[in-house]
Amino acid sequence: MLERLVPDVEAGSRATDPQPLVRFADVRLVFEAAAADVVALDGVTFDVPLGQITTVIGPSGCGKTTLLRLVAGLTRASAGRVLYKGEAVAALNTEVGYITQDSNLFPWLTTVENVEFPLALRGISKPERRERAMEWLQLVGLSGFESNYPNELSGGMQKRVSIARTLIYEPDVVLMDEPFGALDAQTRMMLHHELLQIWSRQHNTILFITHDLVEAITLSDHIVVMTKRPGRISAQYQVPLQRPRNVFQIFLEPHFDEFYAKLWNHFKSELPVQPD
Ligand SMILES: Nc1ncnc2c1ncn2[C@@H]1O[C@H](COP(=O)(O)OP(=O)(O)O)[C@@H](O)[C@H]1O
Ligand SMILES: [Mg+2]
């Protein structure tokens, strides 16, 4: 199935999956401002296939967060369409889980109360939601921190809480906006490992945003490369690394080097100074 989704390596801006969970179809988005309008996205077409990890990679300001906001129904396209399960996203999309760049935990709730909050909204009984929240805290390595408040947790622990709080209600799609960007390298690797462990059991559809090439290769099945603003799609790739992957030594996985070089070529040409 993977081969069929992106037949050529450099497919550019186009849709490839007959039944994607999310489809961006020729999306243009212009932010109107008093001084000058900002074209954030232009002619963006790609699919987010069911059950895969799709990563969008691109420089700061190219419209990555805007893409997630479109899927979540928080922003409207100026032209083109954003389809979710074949229907245009016309209102707040409550079927998606959205992990924003900041952890966004409720500071007045403890760790376990934060994680069970989405289940409370869905009317699940207190004993059941507490039990499920405790299971999720164990999955993300936070047993023992149930009663701590967010300000008593490190950045990596807060990220784990926000991942548990999103995955606990089993959304169809998980939108993750540079979730590990602010973390140190070791913590980031641990969270890559945990995320892939969870994904290998559940096969959630994940739309992940990063500007980090290694992170994109480590996690993804499918990578969408964006240009600098106005964001356009310059290429799409199927990641040639086998799963399961050793995230702690991803550089040693077969095909890493040549695939990294291919991705880097897109960004090298956009640097103000050309390296050797
Ligand atoms: N509400 C807004 N009003 C005006 N311009 C915006 C707004 N939101 C984003 N932008 C602009 O649109 C472009 C894309 O933003 P964003 O999606 O946040 O980029 P990224 O996440 O890739 O860094 C940026 O140039 C940003 O300044
Ligand atoms: Mg962003």
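This is a predicted model: local features need pLDDT of at least 70, side-chain atom pairs count only at pLDDT 80 or more; totals for chains, interfaces and linings use all residues.
Which residues line the largest cavity?

**Figure 1. The largest cavity and its lining.** V140, R160, I163, L191, E194 and L195 form the lining of the largest cavity. The elements giving two or more residues to this lining are α5 and α6 (185-202). The largest contribution is that of α6, with 3 residues. By class, 4 of the lining residues are nonpolar and 2 are charged, while no polar residue takes part. The space in this largest cavity amounts to about 30 Å³. A search of the whole structure for cavities of 30 Å³ or more finds 1.

**Figure 2. The largest pocket and its lining.** The volume of the largest pocket is about 520 Å³. Its lining consists of 21 residues, and V96, G97, Y98, R165 and Y169 are those that lie nearest the centre of the pocket. Two or more lining residues come from each of β6 (96-99), α3 (111-121) and α5 (155-167). The largest share, 4 residues, belongs to β6. Sorted by class, the lining of the largest pocket holds 11 nonpolar, 8 polar and 2 charged residues.

**Figure 3. The largest pocket in relation to the domains.** Domain 1 (2-95 + 172-268) and domain 2 (105-170) both supply residues to the lining of the largest pocket, so this pocket lies between them.

**Figure 4. The surroundings of ligand 1.** The residues around ligand 1 are F31, A40, P59, S60, G61, C62, G63, K64, T65, T66 and R229. Helix α2 (residues 64-71) gives the most to this shell, with 3 residues. By class, the shell comprises 4 nonpolar, 5 polar and 2 charged residues.

**Figure 5. Polar backbone atoms beside ligand 1.** A polar backbone atom of G61 lies 2.7 Å from an oxygen atom of ligand 1. For K64, the distance between a polar backbone atom and an oxygen atom of the ligand is 2.9 Å. For G63, a polar backbone atom is 3.0 Å from an oxygen atom of ligand 1. On its own, ligand 1 has 560 Å² of accessible area, and the protein covers 62% of that area.

Notes:
Residues are numbered from 1 along each chain as its sequence is written. Chains are lettered from A and ligands numbered from 1 in the order in which they are written. Side-chain values use heavy atoms; hydrogens and water are left out. A residue is near a molecule or strand if one of its heavy atoms lies within 4 Å of it. A polar contact is a pair of N or O atoms within 3.5 Å; within protein, one must be able to donate a hydrogen and the other to accept it, and residues adjacent in sequence count only if both atoms are side-chain atoms. Accessible areas come from the Shrake-Rupley method with a 1.4 Å probe; for residues, only the protein chains shown count as cover. Ala, Val, Leu, Ile, Met, Phe, Trp, Tyr, Cys and Pro count as nonpolar, Asp, Glu, Lys and Arg as charged, and the others, Gly among them, as polar. On a 1 Å grid over the protein atoms alone, a cavity is a set of points where a 1.4 Å probe fits but cannot get out, and a pocket is an open set with protein on both sides within 12 Å along at least five of seven lines; lining residues have an atom within 4 Å of a point. Grid points are joined across faces, edges and corners, and a volume is the space filled by probe spheres set on the points. Domain bounds come from an automatic or database domain assignment.
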